[in-house]
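This report goes through one protein model, helix by helix. Please keep the sequence and the 3D view open while reading.

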Amino acid sequence: MSSALRGKFETEQLKKNIKNQLNRLLMQMDDLEKFKDEFDSMEEWEEEKRETEIQLKEFQEFLDRTVSGDMTLVDELSSVQIAIQATVANAFKTPDIIRLFANKEPDRLRTKLAQLQRDAKVKKIEKKQYLQQQYEILLALQKLGSKLNSDEQSFIKQYQSRGLASAQQISSMESTIKRAQSQISKAQD
């Protein structure tokens, strides 16, 4: 195998491994939330959550080193970095949405939004949780460059202006996006 083909193969393997690792960590976060009541104590749950957050931070550091050393991976790794930074900073609270965002899956985000709206209509989900997840999905779609209709854009603005989204969440997400865009610009120069 030529070195160019081997390099391409290794790059593809690295991308696949990174996505798998991200999905594993996000699934772990999701499981922690789903099975919170099954832990013996709140302290045990908090410890598991802290350990997962540490793993996410370590993974972020690995991505930072990788991106600075191999600029051909910047585009692929940037969405993963944004997702991790958002998780660590709690800009997004729903691991499912983070995973779809990191994997650049706007169609699946739209499907999740439709499912969420159905659940809200039949009162299967609390209103506060519905509003938070709707905001997260619409924000993720917007950041992925998907076209939002006027109602969706209005919802984001209203959600932010009513203080439902904390200023910390908004500024954290915005600074994360700016850092990733800056890294992409530097890599392309």
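## Helix H4

Helix H4 is mostly covered, with seven of its eight residues buried (buried means under 20% relative accessible area, exposed over 50%, and partly exposed in between, with a 1.4 Å probe and protein chains only). The buried residues are Pro 95, Ile 97, Ile 98, Arg 99, Leu 100, Phe 101 and Ala 102. After H4 comes Lys 104, with a positive phi near 50°.

## Basis of the model

This is a predicted model, in which local features need pLDDT of at least 70 and side-chain atom pairs count only at pLDDT 80 or more, while totals for chains, interfaces and linings use all residues. Residues are numbered from 1 along each chain as its sequence is written, and side-chain values use heavy atoms, with hydrogens and water left out.

## Overall make-up

The protein has eight helices and zero strands; these elements are DSSP runs numbered from the N terminus, with H or I of at least four residues for helices and E of at least two for strands. Along the sequence the pattern reads α-α-α-α-α-α-α-α.

Of the 189 residues, 39% count as buried. The accessible surface comes to about 11,400 Å², and carbon and sulfur atoms account for 48% of that (Shrake-Rupley method with a 1.4 Å probe; for residues, only the protein chains shown count as cover). Among contacts (heavy atoms within 4.5 Å) between residues at least 6 apart in sequence, 64% join residues at least 24 apart.

## H4 against H5

The axes of H4 (residues 95-102) and H5 (residues 106-121) come within 8 Å and cross at roughly 155°. Axes are lines fitted to C-alpha atoms, for helices over the stretch in contact, and angles run from 0 to 180 degrees between N-to-C directions. H4 and H5 are therefore roughly antiparallel to each other (over 145 degrees; under 35 is roughly parallel, 65 to 115 roughly perpendicular and the rest oblique). Their crossing is left-handed, a term used if the near helix is turned anticlockwise from the far one by less than a right angle, clockwise being right-handed.

On the H4 side the contact is made by Asp 96, Ile 97, Leu 100 and Phe 101, and on the H5 side by Arg 108, Leu 109 and Lys 112. By class, this contact has four nonpolar, no polar and three charged residues. Here Ala, Val, Leu, Ile, Met, Phe, Trp, Tyr, Cys and Pro count as nonpolar, Asp, Glu, Lys and Arg as charged, and the others, Gly among them, as polar.

## H5 against H6

H5 and H6 pack at an angle of about 160°, their axes 10 Å apart. The two helices are therefore roughly antiparallel, and their crossing is left-handed. Residues of H5 including Leu 109, Leu 113 and Leu 116 meet residues of H6, among them Tyr 130, Ile 137 and Leu 141. The residues of this contact divide into ten nonpolar, three polar and two charged.

Lys 112 of H5 counts as buried at 17% relative accessibility. Leaving out residues up to four places away in sequence, Lys 112 touches Asp 96, Ile 97, Leu 100 and Ile 137. Lys 123, in the loop between H5 and H6, is exposed, with a relative accessible area of 72%. Phi of Lys 123 is positive, near 60°. Most residues other than glycine have a negative phi.

## Trp 45 in H2

Trp 45 sits in helix H2 (residues 42-69) and is buried, with a relative accessible area of 7%. Beyond four places in sequence, Trp 45 touches Leu 32, Glu 33, Lys 36 and Phe 39.
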